[in-house]
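User: Could you take me through this structure one topic at a time? I would like to begin with the links between side chains.

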Amino acid sequence: MIDETKKIKNSLRSLFFLWVILIGHHACAEADGPDYWRVHGVDSGDVLNIRREANPTSEKIGQIPPDGQCIKNLKCIGGLTLNEFTTLSEAQKEKIKKERPRWCQIKFQGITGWVAGRYLREGACVYGVNPDNE
């Protein structure tokens, strides 16, 4: 009975990964992450800088507090691909993250710019709370 359950789980897992491979490209073209982000990993006395371009030396055009939420996701670039995420070792993933860091274009309190993606996690925006009234 246990072997049968294992076989079913493995079959379902295989079907799921096949589905991801077959429609993954199409899904990525239409969706680029969550609708909203929240800040994660920024110290309480610090801020997340919003920059004009996806570059750490680009002009700072705004900031988000360390507990910032309701950050509209416009798109992200860089970072790991799905294939890299699912097949590489942790050491290989860390190397790519350093070589090709993820940057996300966002809108927060009327400012549109770029932030370092490593400081973002999926968030939400409750209707009536969004500072941009979107």
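This is a predicted model: local features need pLDDT of at least 70, side-chain atom pairs count only at pLDDT 80 or more; totals for chains, interfaces and linings use all residues.

User: Which residue does Cys70 join?

Analyst: Cys70 is joined to Cys125, with an S to S distance of 1.7 Å. This pair links distant parts of the chain, 55 residues apart: Cys70 is in the loop between strand E3 (60-64) and strand E4 (71-77), and Cys125 is in the segment after strand E7 (120-122). Helices (H or I, at least four residues) and strands (E, at least two) are DSSP runs, numbered from the N terminus.

User: Is Cys70 buried or exposed?

Analyst: Cys70 counts as buried, because its relative accessibility is 6%. Buried means under 20% relative accessible area, exposed means over 50%, and partly exposed lies in between (1.4 Å probe, protein chains only).

User: And what does Cys76 pair with?

Analyst: Cys76 forms a disulfide with Cys104, and their sulfur atoms are 2.1 Å apart. The link of Cys76 and Cys104 is right-handed, with 105° about the S-S bond. Both Cys76 and Cys104 are buried.

User: What pattern do the disulfides follow?

Analyst: Counting bonded cysteines along the chain, the disulfides of the protein chain follow the pattern 1-4, 2-3.

User: Strands next. How many bridges join E4 to E5?

Analyst: E4 and E5 run antiparallel and are joined by 5 bridges. Two strands pair if DSSP finds at least two bridges between them. Asn73 stands opposite Ile106 in E5.

User: What about E1 and E4, how do they run?

Analyst: Strand E1 (residues 36-39) and E4 run antiparallel, with 2 bridges joining them. Trp37 stands opposite Ile71 in E4.

User: Changing topic: how many salt bridges are there?

Analyst: The count comes to 5 salt bridges, a salt bridge being a side-chain nitrogen of Lys or Arg within 4 Å of a carboxyl oxygen of Asp or Glu. Side chains of opposite charge can pair when their charged atoms come close.

User: Which residue forms a salt bridge with Glu59?

Analyst: Glu59 forms a salt bridge with Arg52, and the closest N and O atoms are 2.9 Å apart. Glu59 counts as partly exposed at 46% relative accessibility, and Arg52 is partly exposed with a relative accessible area of 46%.

User: What is the N to O distance for Glu90 and Lys93?

Analyst: The side chains of Glu90 and Lys93 meet in a salt bridge at 3.2 Å, N to O. Glu90 and Lys93 are 3 residues apart in helix H3, so they are separated by about one helical turn. Glu90 is exposed, with a relative accessible area of 54%, whereas Lys93 is buried at 9%.

User: And where are Glu84 and Arg100?

Analyst: The side chains of Glu84 and Arg100 meet in a salt bridge, at 2.4 Å from N to O. The pair links distant parts of the chain, 16 residues apart: Glu84 is in helix H2 (residues 82-87), and Arg100 is in the loop between helix H3 (90-99) and E5. Glu84 counts as buried at 16% relative accessibility, while Arg100 is partly exposed, with a relative accessible area of 33%.

User: What else is Glu84 in contact with?

Analyst: Leaving aside neighbours within four places in sequence, Glu84 is in contact with Gly79, Lys93, Ile96 and Arg100, where contact means heavy atoms within 4.5 Å. The side chain of Glu84 also reaches the backbone nitrogen of Thr81 at 2.9 Å.

User: Last one: where does Ser58 lie?

Analyst: Ser58 lies in the loop between strand E2 (48-51) and E3. Ser58 is buried, with a relative accessible area of 11%. Leaving aside neighbours within four places in sequence, Ser58 is in contact with Arg51, Arg52 and Glu53.

Conventions
Residues are numbered from 1 along each chain as its sequence is written. Side-chain values use heavy atoms; hydrogens and water are left out. A disulfide is a pair of cysteine sulfur atoms within 2.5 Å. A polar contact is a pair of N or O atoms within 3.5 Å; within protein, one must be able to donate a hydrogen and the other to accept it, and residues adjacent in sequence count only if both atoms are side-chain atoms.
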